[in-house]
Amino acid sequence: MAHVIDREEWAVRPDRWKGELQCGGYGSNSCLIFNYLPDSGGGPRLHKHPYAEIFIIRQGTGLFTIGDKEIEASAGQIVIVPPDTPHKFTNLGPGPLETTDIHENGTFITEWLE
């Protein structure tokens with residue numbers, strides 16, 4: 001069965017690509033996060049998942065800490081983090097950082113490390 005999910009079901013605000021959706025209830029083995037970080041320095045603290053996570057950078061530049069490496073990624077690039085790998089990212093600015101993050105699991109499983 002196909003599903004159409006309205007923006008009101010996942011978006012924090014109707015005018016921003018910001019929010020999240022656990023897709024397991026719709027028969028998909030994925031979850032989505034739409035990040036909009038308007039200010040330099042913003043981003044999640046160090047964490048890991050028992051599955052891979054894919055970051056699609058839609059706008060701006062972020063500094064990704066993945067294990068013991070730091071990677072700078074900008075609009076148009078894709079970053080893939082392997083399962084069980086500590087990671088975090090921050091907006092380097094100037095301007096907003098916008099990402100679409102794909103979790104390869106139908107529900108979020110996050111272990112916060114910071």
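# Notebook: pocket, pairs and loops

I began with the largest pocket, and I noted that β2 (31-37), β4 (53-59) and β9 (97-103) each supply at least two residues of its lining. Before going further I reminded myself that this is a predicted model. The space in the largest pocket comes to about 160 Å³. Its lining is made of 14 residues, and those closest to the pocket centre are Ile 33, Pro 44, His 47, His 103 and Trp 112. I then sorted the lining by class and wrote down 6 nonpolar, 5 polar and 3 charged residues.

**The annotated domain**

Next I turned to the record. UniProt, in an unreviewed entry, places the feature "domain: Cupin type-2" at residues 41-102. When I looked up that stretch in the model, I found that residues 41-102 are 0% helix and 58% strand, with the end C-alpha atoms 22 Å apart.

**Cysteines**

How many disulfides does the model hold? I wrote down a count of 0 disulfides. Cys 23 is in no disulfide, and the nearest cysteine sulfur to it belongs to Cys 31, at 6.1 Å. Cys 31 is likewise in no disulfide, its nearest cysteine sulfur being that of Cys 23, 6.1 Å away. Is Cys 23 buried or exposed? I have Cys 23 down as buried, with a relative accessible area of 8%, and Cys 31 also counts as buried, at 0% relative accessibility.

**Salt bridges**

I then looked up the charged pairs, for which the count is 4 salt bridges, and I followed up several of them.

Lys 48 forms a salt bridge with Glu 111, and the closest N and O atoms of this pair are 4.0 Å apart. The two residues link distant parts of the chain, since Lys 48 is in strand β3 (residues 47-48) and Glu 111 in strand β10 (residues 111-112), 63 residues apart. On accessibility, I noted Lys 48 as partly exposed, with a relative accessible area of 22%, and Glu 111 as partly exposed too, with a value of 42%.

My next entry is the salt bridge between Glu 98 and Arg 58, where the closest N and O atoms are 3.2 Å apart. Which parts of the chain does this pair tie together? Glu 98 lies in strand β9 and Arg 58 in strand β4, so the pair ties together parts that are 40 residues apart in sequence.

Glu 114 is partly exposed, with a relative accessible area of 47%, and Lys 88 counts as partly exposed at 24% relative accessibility.

**Loops and backbone**

I finished with some places in the loops. Where is Gly 43? I found Gly 43 in the loop between β2 and β3, where it is partly exposed, with a relative accessible area of 39%. I also looked up how Gly 43 stands to Gly 60, which is 17 residues apart from it along the chain, and the C-alpha atoms of the two are separated by 13 Å.

Pro 94 is in the loop between β8 and β9, and the peptide bond leading from Gly 93 to Pro 94 is cis, with omega near -10°.

My last entry is Asp 84, whose phi is near 60°, a positive value in a residue other than glycine. Asp 84 is in the loop between β7 (78-81) and β8, and at 47% relative accessibility Asp 84 counts as partly exposed.

Methods: Residues numbered from 1 in each chain as written. Predicted model: local features only at pLDDT ≥ 70, side-chain atom pairs only at ≥ 80, totals over all residues. Heavy atoms only, no water. 1 Å grid on protein atoms, 1.4 Å probe; cavity = no way out; pocket = protein on both sides within 12 Å on 5 of 7 lines; lining within 4 Å. Points joined across faces, edges and corners; volume = space filled by probe spheres on them. Helix = DSSP H or I, 4+ residues; strand = E, 2+ residues; numbered from the N terminus. Nonpolar A, V, L, I, M, F, W, Y, C, P; charged D, E, K, R; others polar. Disulfide = S-S within 2.5 Å. Buried < 20%, exposed > 50% of the residue type's maximum accessible area, 1.4 Å probe, protein only. UniProt positions renumbered as here; feature names shortened; annotations may be inferred. Salt bridge = Lys/Arg side-chain N within 4 Å of Asp/Glu carboxyl O.
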